[in-house]
Amino acid sequence: MLNTYFRVIVGFMVLLMVALTYYVSIHWLWFGVFIGLNMIQSAFTKWCLLETILMKLGIKK
């Protein structure tokens, strides 16, 4: 269940970044860079802030 929430939230953030980049400012691409770097970091460290937040909200693995 946690994996499903994680994928939905990250997918929404990427789509939001694309929309904000198109309609507001090219600088919103930095939000996408942050998302990508966080995903790479979590692959190596096995720790992700979003996963921690979801677990504290009561989402089960």
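Helix α1 (residues 2–23) and helix α2 (residues 29–45) have axes that come within 8 Å and cross at roughly 155°. That makes α1 roughly antiparallel to α2, a label used for angles over 145 degrees, with under 35 counted as roughly parallel, 65 to 115 as roughly perpendicular and the rest as oblique. The axes here are lines fitted to C-alpha atoms, for helices over the stretch in contact, and the angles run from 0 to 180 degrees between N-to-C directions. The crossing of α1 and α2 is left-handed, meaning that the near helix is turned anticlockwise from the far one by less than a right angle (clockwise would be right-handed).

All of this comes from a predicted model, in which local features need pLDDT of at least 70 and side-chain atom pairs count only at pLDDT 80 or more, while totals for chains, interfaces and linings use all residues. Residues are numbered from 1 along each chain as its sequence is written, and side-chain values use heavy atoms, with hydrogens and water left out.

As for who meets whom, α1 brings Val-10, Met-13, Val-14, Met-17 and Thr-21, and α2 answers with Leu-29, Phe-31, Gly-32, Ile-35 and Met-39; contact means heavy atoms within 4.5 Å. By class, that makes eight nonpolar residues, two polar ones and no charged ones, with Gly put among the polar residues.

Two other residues of α2 are worth a look. Ser-42 sits in helix α2 and counts as buried, at 17% relative accessibility. Leaving aside residues up to four places away in sequence, Ser-42 touches Trp-47 and Cys-48. Leu-37 is also found in helix α2, but Leu-37 is exposed, with a relative accessible area of 54%. The cut-offs are under 20% relative accessible area for buried and over 50% for exposed, with partly exposed in between (1.4 Å probe, protein chains only). From Leu-37 to Leu-57 the C-alpha to C-alpha distance is 24 Å, at 20 residues apart in sequence.

Zooming out, the protein chain has three helices and zero strands, running α-α-α from the N terminus on; these are DSSP runs, H or I of at least four residues for helices and E of at least two for strands. Its C-alpha atoms fill a box of roughly 35 × 20 × 15 Å along the principal axes. Of the 61 residues, 20% are buried. The accessible surface of the chain comes to about 5,000 Å², with 75% of that belonging to carbon and sulfur atoms.

Definitions and conventions: Areas by Shrake-Rupley, 256 points an atom, 1.4 Å probe, with all protein chains shown as cover.
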